[in-house]
Amino acid sequence: METKDRLLAFKIYLILGALFIASLVVSNLIFQKFFYWDFFGWYRFEISVGILTYPITFLITDIISEIYGKKKANQVVTMGIFASVFSLGIIYVANAVPAIENSPVSDVLFSKVFGQTALAVLASMIAYLAAQYIDIYIFHFWKRITNGKMLWLRNNFSTFTSQFVDTFTVLFLLCNFKILPWEMFNGLLMSGFLFKVIIAALDTPILYAAVYVFQKRFNLKRGEELVLD
């Protein structure tokens with residue numbers, strides 16, 4: 001691969017990594033707001049707004065896994081952990097600093113919104129670690145089995161499995177930490193998992209389009225990966 005192509009591939013990798021980290025950190029910050037979505041009268045989803053950005057992380061790791069390989073995908077996941085810990089430290093300091101009398105956001109309001117973020121981020125990180133590494137492992141397992149064919153199979157099978165692990169783990173921990181009541185567990189588990197399954201199915205064409213663009217631009221064969229090291 002020529003030097004200019006290598007630089008372009010590396011820049012795209014950095015952009016994907018930045019989008020991944022931003023989506024992960026934001027999902028941890030906004031998770032306390034819940035909303036409902038009436039899915040064509042068939043099912044009423046009751047889910048956290050944090051779930052809106054989280055599926056993006058799995059789409060990005062699947063793109064990186066397919067184009068850049070397992071090692072680069074795992075590197076992005078690890079960077080996400082460091083970013084989450086760093087953001088947690090900033091929130092802790094911001095929560096500890098006293099607000100002035102005419103501050104638009106009082107100490108009480110700030111603590112109410114972000115005070116439980118530490119435990120939430122811890123729960124999310126544990127679930128995230130398990131789910132993302134499972135997603136990457138299953139993705140590459142099926143890539144070997146199918147010799148680089150049937151992208152839709154490894155994308156959806158890896159995402160469905162990892163998303164269930166993620167949803168179950170984070171809700172289990174949040175309920176154990178008493179951030180959420182146990183009465184919400186079953187409903188949020190069902191809503192969260194079904195929502196992620198729908199999004200995973202919908203993002204399959206996006207994954208195919210992204211892989212097609214990469215393969216055409218960098219003259220990659222089916223299943224071939226870019227080597228940046």
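Me: Which residue in strand 2 does Phe35 stand opposite?
Reply: Phe35 stands opposite Ile47. Keep in mind that this is a predicted model.

Me: And what faces Phe39 in strand 2?
Reply: Tyr43 stands opposite Phe39.

Me: How many bridges join strand 1 to strand 2, and do they run parallel or antiparallel?
Reply: Six bridges join the two, and they run antiparallel. Strand 1 covers residues 34-39 and strand 2 covers residues 43-48.

Me: What do strand 1 and strand 2 form, and how many residues sit between them?
Reply: They form a hairpin, with three residues between the strands. Phe40 is in that turn, and its phi is positive, about 50°.

Me: OK, helices. At what angle do helix 1 and helix 8 pack?
Reply: About 160°, with the axes 11 Å apart. Helix 1 spans residues 3-29 and helix 8 spans residues 204-218.

Me: What does that make their relative direction?
Reply: Roughly antiparallel, because the angle is over 145 degrees. The crossing of helix 1 and helix 8 is right-handed.

Me: Which residues make the contact?
Reply: Helix 1 brings Asp5, Leu8, Ala9, Ile12 and Leu16. From helix 8 come Phe214, Arg217 and Phe218.

Me: How do the residues of that contact divide by type?
Reply: Six are nonpolar and two are charged. There are no polar ones.

Me: What about Asn219, where is that?
Reply: Asn219 lies in the segment after helix 8. Asn219 has a positive phi of about 55°, although it is not a glycine.

Me: Is Asn219 buried or exposed?
Reply: Exposed, because its relative accessible area is 66% and the cut-off is over 50%.

Me: New topic: Thr57. Where is it found?
Reply: Thr57 is in helix 2, residues 54-67.

Me: Buried or exposed?
Reply: Thr57 is buried, because its relative accessibility is 0%. The cut-off for buried is under 20%.

Me: What is Thr57 in contact with, leaving aside neighbours within four places in sequence?
Reply: Phe20, Ser23, Leu24 and Gln132.

Me: Now Lys70. Which helix is that in?
Reply: Helix 3, residues 70-96. Lys70 counts as partly exposed, because its relative accessibility is 34%.

Me: What does Lys70 touch, not counting residues up to four places away in sequence?
Reply: Ser65, Ile136, Tyr137 and His140.

Me: And what separates the C-alpha atoms of Lys70 and Glu225?
Reply: 9.6 Å. Along the chain, Lys70 and Glu225 are 155 residues apart.

Me: Last one, Thr169. Where is its place?
Reply: Thr169 is in helix 6, residues 151-176. Not counting residues up to four places away in sequence, Thr169 touches Ile126 and Ala127.

Me: How many residues apart along the chain are Thr169 and Thr204, and what separates their C-alpha atoms?
Reply: They are 35 residues apart along the chain, with 25 Å between the C-alpha atoms.

Note on methods: Residues numbered from 1 in each chain as written. Predicted model: local features only at pLDDT ≥ 70, side-chain atom pairs only at ≥ 80, totals over all residues. Heavy atoms only, no water. Axes fitted to C-alpha atoms, helices over the stretch in contact; angles between N-to-C directions. Helix = DSSP H or I, 4+ residues; strand = E, 2+ residues; numbered from the N terminus. Parallel < 35°, antiparallel > 145°, perpendicular 65-115°, else oblique. Left-handed = near helix turned anticlockwise from the far one by under 90°. Contact = heavy atoms within 4.5 Å. Nonpolar A, V, L, I, M, F, W, Y, C, P; charged D, E, K, R; others polar. Buried < 20%, exposed > 50% of the residue type's maximum accessible area, 1.4 Å probe, protein only. Pairing = 2+ DSSP bridges.
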